[in-house]
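Open the model in your viewer and keep the selection tool ready.

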Amino acid sequence: TEEHLLAIDGTASDSAFIVGDHGTVLFYDGIAWKPYLQVQPDVSKLYAVDIGNGSGVAVGFHGEILEFDGNQWLPESNPFSKHLFGTWSSESDGIFAVGSSGAILRKTAGRWNAMSYGGTQELYTVSGLPEGDILSAGQIGLLLEYDGAGWESTQLSLGWEIYSIWG
């Protein structure tokens, strides 16, 4: 592909997805990267992807959300138009997506809901920790921690953005 590729995730050495510009979704089967043809053609840019046990989610520009049902990528209804830059999911916590203007979305029981940490700084990444807490990070060293009840923010004195975390 000649498109910019922006994020990758997989569950095994023969099962990974990569996403990018113009709704590009490629699948790796252990031998080669191939276009995944079931992607929706009207998607402009996908910034992040998270793949789990037979399912997945990709998020992007203008709040675009695609969910993978094990066979195809389908657009999700999202009432929020903020750009989404990061996503993470678990069976117990649901799906989280973070993005512009401090956007935090969480999907549980089949519905996306907005969450707030009380600020508007860009959030670029989100990931869960083994002990159950969820972290998000972003603009100018912002670090958030979700303990199941609410988000607590810490401003690290880094002076630059945090684009990726992993728990």
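**First stop: the largest pocket**

Select strand S1 (5-12), strand S5 (46-51), strand S9 (84-90) and strand S13 (123-128); each supplies at least two residues of the lining of the largest pocket. Strands here are DSSP runs (E, at least two residues), numbered from the N terminus. This is a predicted model, where local features need pLDDT of at least 70, side-chain atom pairs count only at pLDDT 80 or more, and totals for chains, interfaces and linings use all residues. Residues are numbered from 1 along each chain as its sequence is written, and side-chain values use heavy atoms, without hydrogens and water.

A pocket is an open set of points on a 1 Å grid over the protein atoms alone, where a 1.4 Å probe fits, with protein on both sides within 12 Å along at least five of seven lines; lining residues have an atom within 4 Å of a point. The largest pocket holds about 500 Å³ of space, the volume filled by probe spheres set on the points. Now pick Ala 48, Val 49, Thr 87, Thr 125 and Ser 164: of 21 lining residues, these are the closest to its centre.

**Second stop: the next pocket**

The second largest pocket has about 330 Å³ of space. Select Gly 52, Ser 55, Ser 89, Ser 90 and Glu 91, the closest to its centre of 15 lining residues. S9 gives the most to this lining, with 3 residues.

Move to the open sheet of 4 strands, in the order S1-S2-S3-S4, with antiparallel pairing. Strands pair if DSSP finds at least two bridges between them. S1 and strand S4 (33-35) are the edge strands. Finish at Phe 27, which stands opposite Lys 34 in S4.
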